[in-house]
Amino acid sequence: MNNTDLTFLKKFASLIAGFVVLSLVLITVAFSVHGRHKGDTRTPEQLAAVQARIAPVSGVYAGASGQMAQAAAEAAAAAAAQAQVAYGGTLDGSVIYGNLCKTCHDTGAGGAPTMTRAAWSDRIAKGTDTLVQHAIDGFQGNTGIMPPRGGNPSLSDDQVRASVEWMLENIN
Ligand code: HEC
C-alpha cells in the first residue's frame, strides 16, 4: 500500500467512526425525548371540541342510498348531541338553572311556574322523583309545556335532577 492509500483509509475509518458515534448520540437523544413525551394529555371534552371544530359543515347525498346515508348521518348527529357534555358536565344546579331553566322559570314564559311557593306547592306534592322525571321527559300540564331537559338534549339525567333539586331548594 502506498502512503496515499493509507492516509485515505485512516481518514475514511475515522469518518465512519464519527458517524457511528453520531448515530449513538441521536439514538440516545431520541430515547430520552420519547421518554419525556407524555402522550395525548387532552381531556375527552377537548378532543370532542376538536372533532366538532373539524367536522365537515355538510354532506352531499344523492339517490336512495344517499337518502339512507343522510338519515344515518342525522341519527349520528342526534346521538352526538346527546353524548355531548352540557355546561362542562356541572352538577351545580344553580349554574344549569342560570343558563337554561331561568329563561322560562324566572319570567313565567309559556306558563312556566315562577320560583314562588304559590306556583310550586301543588307540584311539590307530586314528589321530587316525579318532578325530575317530568323535567327529563318533558311535561304538559294545565299551564303550558315543559320541554324535555329544558330543551337541551345534552343535559344528563343527573344534571336535570341537580337543577330540579336546586329549584326546589330556592323557591321563595
Ligand atoms: C321553554 C321554557 C322552559 C324551560 C327552558 C324550562 N322549563 Fe320547566 N317548565 C316549563 C313550563 C311551561 C312548565 C309548566 C308545565 C305545566 O305544568 O303545564 C314547566 C314545569 C317544570 C317543572 C314542574 C313539572 C311538574 O310535574 O309540575 C319542573 C320540575 C321543571 N319545569 C324543571 C325545569 C328545569 C330543571 C329546567 C332547566 C333544565 C326547565 N324546567 C326549563 C317551561 C320551561
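# Loops, pocket and salt bridges in a predicted model

Student: Between which two helices does the loop that holds Tyr 87 lie?
Tutor: The model is predicted, so local features need pLDDT of at least 70 and side-chain atom pairs count only at pLDDT 80 or more, while totals for chains, interfaces and linings use all residues. Residues are numbered from 1 along each chain as its sequence is written, and side-chain values use heavy atoms, with hydrogens and water left out. Helices (H or I, at least four residues) and strands (E, at least two) are DSSP runs numbered from the N terminus. On that numbering, Tyr 87 sits in the loop between α3 (63-83) and α4.

Student: What is the phi value of Tyr 87, and is the residue buried, partly exposed or exposed?
Tutor: Phi of Tyr 87 is near 50°, which is positive in a residue other than glycine. For accessibility, buried means under 20% relative accessible area, exposed over 50%, and partly exposed in between (1.4 Å probe, protein chains only). With a relative accessible area of 27%, Tyr 87 is partly exposed.

Student: In which loop does Arg 149, with its positive phi, lie?
Tutor: Arg 149 is not a glycine, yet its phi is about 50°. The residue is placed in the loop between β2 and α7.

Student: How far apart are the centres of domain 2 and domain 3?
Tutor: The domain assignment, automatic or from a database, gives domain 1 (1-36), domain 2 (44-83) and domain 3 (87-169). Taken over C-alpha atoms, the centres of domain 2 and domain 3 are separated by 30 Å.

Student: Which element gives the most residues to the lining of the largest pocket?
Tutor: A pocket, on a 1 Å grid over the protein atoms alone, is an open set of points where a 1.4 Å probe fits, with protein on both sides within 12 Å along at least five of seven lines; lining residues have an atom within 4 Å of a point. At least two lining residues come from each of α4 (93-105), α5 (117-124), α6 (128-137), β2 (145-146) and α7 (157-169). With 5 residues, the largest contribution to the lining is that of α4.

Student: Which residues lie nearest the centre of the largest pocket?
Tutor: The volume of this pocket, the space filled by probe spheres set on grid points joined across faces, edges and corners, is about 490 Å³. Its lining counts 30 residues. Those nearest the centre are His 105, Pro 113, Trp 120, Met 146 and Pro 147.

Student: How far apart are the closest N and O atoms of Asp 129 and Arg 161?
Tutor: A salt bridge is a side-chain nitrogen of Lys or Arg within 4 Å of a carboxyl oxygen of Asp or Glu. In the Asp 129 to Arg 161 salt bridge, the closest N and O atoms are 3.0 Å apart. This pair links distant parts of the chain, Asp 129 in helix α6 and Arg 161 in helix α7, 32 residues apart. Asp 129 is exposed at 53%, Arg 161 is partly exposed at 29%, and the N to O distance asked for is 3.0 Å.

Student: What is the N to O distance in the salt bridge of Arg 42 and Asp 40?
Tutor: The whole structure holds 4 salt bridges. Arg 42 is partly exposed at 39% relative accessibility, whereas Asp 40 is exposed at 51%. Their side chains meet in a salt bridge with an N to O distance of 2.9 Å.

Student: How far apart in space are Val 164 and Cys 104, C-alpha to C-alpha?
Tutor: Val 164 is in helix α7 and counts as buried at 8% relative accessibility. In sequence, 60 residues separate Val 164 and Cys 104. In space, the C-alpha to C-alpha distance is 14 Å.

Student: How far apart in space are Thr 4 and Gln 51, C-alpha to C-alpha?
Tutor: Thr 4 lies in helix α1 and is exposed, at 59% relative accessible area. Thr 4 and Gln 51 are 47 residues apart in sequence. Between their C-alpha atoms the distance is 65 Å.
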